[in-house]
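This report describes a ligand site and a few selected residues. Please look at the sequence and the model before reading on.

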Amino acid sequence: MQHIYLTSTIKTEKYTELYHQLYHILNGESDTIARMATICAGIKEAFDFYWIGFYRVCGDELVVGPYIGTLGCLRIKKGKGVCGYCWQEGKTIIVKNVEEFPGHIACSEVSKSEIVVPVFDKNHQIIAVLDIDSEVYSMFDEEDKLGLEKIVGLVSNTTI
Ligand code: SME
């Protein structure tokens, strides 16, 4: 059985350790869903956030993909909610208080803050977003952004 083993308690170092371990675990795996599911599980082991999951770009909607947490909504239109806004803008969105984000889609009342990170393929096309929710306000900052942007690069990086 494989586990994520982190030696550091410093957030940026935790992200670096997690990245390297996921890199090796995913080595040679060509299936995108398997890679997304494993990345979710790895982040959950490392950080224990409330909800961690991917929404995949399918036509003109995002459709839920692999996730860990309570039931998420199934489909999100472009521009809607934090996830749809991330897709529209093609950049990471940090929401420190979900109640203050116009149009936030509340899948769970427990969620207080959120980060959504775009996932690109090798041709720089956006193929998904990674959505992470926390039960705590202001959970996510620039360090999470940088750490997670590197980790979602592993979704499309199959030639390792
Ligand atoms: N809060 C997200 C919707 C997805 S759930 O949080 C799992 C949003 O506003 O896009």
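Which element gives the largest share of the shell around the ligand? The answer is H3, with three residues. The model in which this is seen is a predicted one.

The elements that give two or more residues to the shell are strand E1 (51–58), helix H3 (81–89) and E6. The residues around the ligand include Trp51 and Tyr55, Gly81, Val82 and Cys83, and Asp131 and Asp133. Also among them are Ile76, His104, Ile105, Cys107 and Glu114.

| Residue | Protein atom | Ligand atom | Distance |
|---|---|---|---|
| Cys83 | backbone N or O | oxygen | 2.8 Å |
| Ile105 | polar backbone atom | nitrogen | 2.7 Å |
| Asp133 | side-chain N or O | oxygen | 2.8 Å |

On its own the ligand has 310 Å² of accessible area, and the protein covers 99% of this. The space that the ligand takes is the largest cavity.

Ile76, one of the residues around the ligand, lies in strand E3, which spans residues 75–77. Ile76 counts as buried because its relative accessible area is 4%, under the 20% limit. Beyond its neighbours within four places in sequence, Ile76 is in contact with Tyr55, Glu61, Leu62, Cys83, Gly84, Trp87 and Ile105.

Leu62 is placed in strand E2. Is Leu62 buried or exposed? Leu62 is buried, since its relative accessibility is 0%. Leaving out neighbours within four places in sequence, its contacts include Tyr55, Arg56 and Val57, as well as Leu74, Arg75 and Ile76. Cys83, Gly84, Trp87 and Val129 also touch Leu62. Leu62 and Leu74 are 12 residues apart along the chain, and 8.1 Å separates their C-alpha atoms.

Glu61 is in strand E2 as well, which runs over residues 61–68. With a relative accessibility of 15%, Glu61 counts as buried, because the limit for that class is 20%. Which side chain makes a polar contact with the side chain of Glu61? The partner is Arg75, at 2.9 Å. Apart from residues up to four places away in sequence, Glu61 touches Arg56, Arg75, Ile76, Lys77 and Trp87.

**Two residues with positive phi**

Most residues other than glycine have a negative phi. His124 has a positive phi of about 65° and is not a glycine. Its place is the loop between strand E5 (113–120) and strand E6 (126–134). His124 is exposed, at a relative accessible area of 65%.

Ser138 also has a positive phi, near 55°, and is likewise a residue other than glycine. Where is Ser138 placed? Ser138 is in the loop between E6 and helix H4 (142–152). Ser138 counts as partly exposed because its relative accessibility is 43%, and that class lies between 20% and 50%.

Terms used
Residues are numbered from 1 along each chain as its sequence is written. This is a predicted model: local features need pLDDT of at least 70, side-chain atom pairs count only at pLDDT 80 or more; totals for chains, interfaces and linings use all residues. Side-chain values use heavy atoms; hydrogens and water are left out. Helices (H or I, at least four residues) and strands (E, at least two) are DSSP runs, numbered from the N terminus. Buried means under 20% relative accessible area, exposed over 50%, partly exposed in between (1.4 Å probe, protein chains only). A polar contact is a pair of N or O atoms within 3.5 Å; within protein, one must be able to donate a hydrogen and the other to accept it, and residues adjacent in sequence count only if both atoms are side-chain atoms. Contact means heavy atoms within 4.5 Å. A residue is near a molecule or strand if one of its heavy atoms lies within 4 Å of it. Accessible areas come from the Shrake-Rupley method with a 1.4 Å probe; for residues, only the protein chains shown count as cover. On a 1 Å grid over the protein atoms alone, a cavity is a set of points where a 1.4 Å probe fits but cannot get out, and a pocket is an open set with protein on both sides within 12 Å along at least five of seven lines; lining residues have an atom within 4 Å of a point. A molecule sits in a cavity or pocket if more than half of its atoms lie within 2 Å of its grid points.
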